[in-house]
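Keep the 3D view open as you read.

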Amino acid sequence: MRTWMVLAGVFGLMACGEGSDPITAVDRRETPETGAAAAVAKLDEAQRNGVLERAVRASGAACPTVIRSERMQVRPGVQGWKAECNDGTAHLIEIHADGTADVTSRTR
């Protein structure tokens, strides 16, 4: 008897959602930038380098001056920046909408 009750419950749950629209997959390879991340993307190179320099220093890594920055994918589906410093170090920086940043550093 107990088996029949369990099966009735399973079949009842399986019937939920019948007649509804089929589920479609959403392509989320690129997450749109908002907030601070979008604001940094709009800066000119000198201003952007200054922001990235401060983000690197705030992470505890050394970076006297960012001399070059370029847009790149920092992890799958997420765009960020590669900042090169005048001391030969390079850093990947992901800026979040709230203004915080994740910095991954590479030294010589």
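Glu 94 has Asp 102 in β4 as its bridge partner. This pair belongs to the contact between β3 and β4, which run antiparallel and are joined by 6 bridges. The model is predicted. The hairpin of β3 and β4 has 5 residues between the strands. There, Gly 99 takes a positive phi near 100 degrees.

Now turn to the other neighbour of β3. Strand β3 covers residues 90-95 and pairs with β2 in the antiparallel sense, over 4 bridges. Trp 81 has Ile 93 in β3 as its bridge partner. Between β2 and β3 the hairpin holds 4 residues, and Gly 88 takes a positive phi near 90 degrees. Strand β3 is mostly covered, with 5 of its 6 residues buried.

Next comes β1. This strand spans residues 66-75 and pairs with β2, residues 78-85, over 8 bridges in the antiparallel sense. Arg 71 stands opposite Trp 81 in β2. The hairpin of β1 and β2 has 2 residues between the strands. Gly 77 in that turn has a positive phi of about 85 degrees.

The 4 strands make an open sheet in the order β1-β2-β3-β4, with antiparallel pairing. Strands β1 and β4 (101-106) stand at the edges with a single partner strand each, so one side of each has no neighbour in the sheet. On average, neighbouring strands are turned by 25 degrees against each other, direction ignored. Helix α3, residues 45-58, packs on the sheet and touches β1, β2, β3 and β4. The direction of α3 makes about 75 degrees with that of β1.

Terms used
Residues are numbered from 1 along each chain as its sequence is written. This is a predicted model: local features need pLDDT of at least 70, side-chain atom pairs count only at pLDDT 80 or more; totals for chains, interfaces and linings use all residues. Side-chain values use heavy atoms; hydrogens and water are left out. Two strands pair if DSSP finds at least two bridges between them. Axes are lines fitted to C-alpha atoms, for helices over the stretch in contact, and angles run from 0 to 180 degrees between N-to-C directions. Contact means heavy atoms within 4.5 Å. Buried means under 20% relative accessible area, exposed over 50%, partly exposed in between (1.4 Å probe, protein chains only).
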